[in-house]
Amino acid sequence: MGSGHWSTDVYTAAENYRRSTGASAFAYSDSGAARTHPSLDPKGVVLRESRDSDDHPDSLAIGVLFDVTGSMGAVPRALQQKLPGLLGLLLRKGYVTDPHILFGAVGDATCDRAPLQIGQFEADNRMDDDLGRILLEGGGGGQMRESYELALHFMARHTALDCFEKRGKRGYLFLIGDELAYPQVKAREVSKVIGTRLGADVPIEETIREVQRLYDLYFIIPEGAFHTNDRRLRDFWQDLLGQNVLYLDDPEAVCETIALTVGLGEDAIDLAAGLDHLAEQGSAAGPAVSRALARLDASRGAVVRSSAPAGLDPGAGPAATTRL
Amino acid sequence: MTPHVIVVDLGFGDAGKGTVVDRLCATEPVAAVVRFNGGAQAAHNVVTPDGRHHTFAQFGSGTFTPGVRTHLSRFMLVDPLALAAEAAHLASVGVPDALDRLTVDAAALLTTPYHRALNRARETARGAGRHGSCGMGVGETAAYALARPDDAPRAADCRSPARLRRLLALLRDRYYAEFPGGAPVPPVEDCAAAFLAFGTRVRQVDSSFLPELLRSGPVVFEGAQGVLLDENHGFDPYTTWSTTTFANAETLLSEAGADAVRLGVLRAYATRHGPGPFVTEDPALTAALPDPHNGTGPWQGVFRVGHLDEVALRYAIDACGGMDALAVTHLDVAARRPDLLRCTAYTWPAPSGPEHVTRLPALPARELTARLLRARPVYAALGDAAEAAAEIAGAPVALRSHGPTWQDKQVAAPLPHG
């Protein structure tokens, strides 16, 4: 007698029950919804907060924002599937003690129904609920730009992090996409989408510097996406973020890439150890993650991580570049 | 009309209850399989004629037959996490609707990751004196419910988020209080999310459900473990925290004003998974007859094989108050092994010299266990194992099993009406 046969993982169980109902993980979007879910609507949101609590005294904020237009729709679906793996790696391998993860989605404020969707920082499976409510936009404008700058503006001015305020430690922010941002955060769009008033438009470089006060910012470009091979895409983000642009040749490996990037950033692992952890988990993402992070890993030894955000010192580092 | 049937294992488990239940459901118009003891630690292996295999733990072993429902009665200890994984495996072997065919009594106790962690920490702390627990937390679930009946989570709590979180937090705290350096367990929130998903997905019913179910067609009550592991009749402390006789099933039946045929299942030879007395154990048989579905488990320990034990069988039959019919399995193996024996009596040391016993005396539980650990078997040639069992049980052999699938089972006598 006795089996011990059936896996008793809490995340798998929740996912199995949900899947067995026939409901999609993106039930909201797949049910034909046409507007931002109220819980993800940034309009009128003063702050999304990542705060310490008794359960999570050492919170670390991790934001994950992805482009949900066109071909990028597969990314959130992969994220949803692999979320347990992401959390598992971060927690069980001790990369982070108390991660707070926020999910959001970026569209195009000039034409989309849901130009910006922003969840809450969550420490538990509720982040799953936020993912499930994200509206996956179909089309994509064709102008090769999405309103990433608007999302960055929100993260810079409408989030508050205890890791930063109490411990001077920045969070992590990942943007996942395959297009350019608009060069300015437009006051008109901020007013329409977020509901606050800006005296004037803000150049994206300035917004990025604001974000980088609070977060280590990465832009992940999944290969095989629509504009991946367009030189302008690489130049645009590399000029803004330097080595923090990650090229991922397997869009399914986004979760693993995020986990290992945080592990590297926290000095919890080196790349080889992280890849071992992936293999241990039975993840096939290793090779793709390895290629995506090789450059970052190689530069880690040379880069001195200071609490002053990269790019604030004039001329120091690629983020200070203003060529557009 | 075909009667209701209760299927109970007359040994230490692993006799083949699953395959017998599968046979009954595949050939009779069975409405449902009802679980009436144990929990997710049950492991009832069923192989279909087309070669698919599933180890049934919480779903009834008749689930491969379309339309056969499973009902988890209030005597069952339900593990929502393992249940989800089992449902996923069933889907992968061509049974996508197992959860749709499931009902659970709202009063059934729940096994949580915290029970499991307590179970493992405690068993580890026993060191060499391990009880052969399955490490699934079933005993902890029963013990906790006895000690703190109001705090033990039940299926119904998976529909009350706030209460569920409170009960889970109490359990987690108890675990860390007892084992401050214990292995990590999942956060309460994560556990609650999965349990709430179970509460939403699986249909819960009250005590009025089973009587209706019994009226809707023949029902098979599927026991878990074996009578020789029974919490009251097993050989202390090598017992399971569960009533493994017909008793729970008969309680449920009598509440519904129904009755059933009592079917005892027996292997043509003896097995035991894990430590504890096993008088007819034979290392040569253990080596020669490995079980395809029972290896050495990290928690239960080794799978051991021995000869048919008439003394233990007599004891088991007495413990469960007799039966109406037998199902004898692994007759194909017995046919291939002329060296198999039957143990007709034990000898054990006594102050006045060696004693010869054919029936176990009424002794305090630990004393009985101590004697059994020193007992030696008295053997005779096996002959026909089924006939020997029928003689001892005073009941006909209704089913003879010569292989793993339901098609390998022959009806030797019609099931008598209970």
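This is a predicted model: local features need pLDDT of at least 70, side-chain atom pairs count only at pLDDT 80 or more; totals for chains, interfaces and linings use all residues.
Residues are numbered from 1 along each chain as its sequence is written, and side-chain values use heavy atoms, without hydrogens and water.

**Interface between chain B and chain A**
- Four residue pairs, both members at pLDDT 80 or more, are in polar contact between the two chains (N or O atoms within 3.5 Å, one able to donate a hydrogen and the other to accept it; residues adjacent in sequence count only if both atoms are side-chain atoms).
- On the side of chain B that touches chain A, H2(B) supplies the largest share, nine residues.
- That side of chain B comprises 24 nonpolar, nine polar and seven charged residues, with Ala, Val, Leu, Ile, Met, Phe, Trp, Tyr, Cys and Pro taken as nonpolar, Asp, Glu, Lys and Arg as charged, and the others, Gly among them, as polar.

**Chain B overall**
- Chain B has 418 residues, of which 61% count as buried (under 20% relative accessible area, 1.4 Å probe, protein chains only).

**Residue B:Gly16**
- B:Gly16 counts as buried because its relative accessibility is 15%.
- Leaving aside residues up to four places away in sequence, B:Gly16 touches B:Val265 and B:Thr329 (heavy atoms within 4.5 Å).
- B:His330 lies 314 residues from B:Gly16 in sequence, yet their C-alpha atoms are 8.4 Å apart.

Definitions and conventions
Chains are lettered from A and ligands numbered from 1 in the order in which they are written. Buried means under 20% relative accessible area, exposed over 50%, partly exposed in between (1.4 Å probe, protein chains only). Helices (H or I, at least four residues) and strands (E, at least two) are DSSP runs, numbered from the N terminus.
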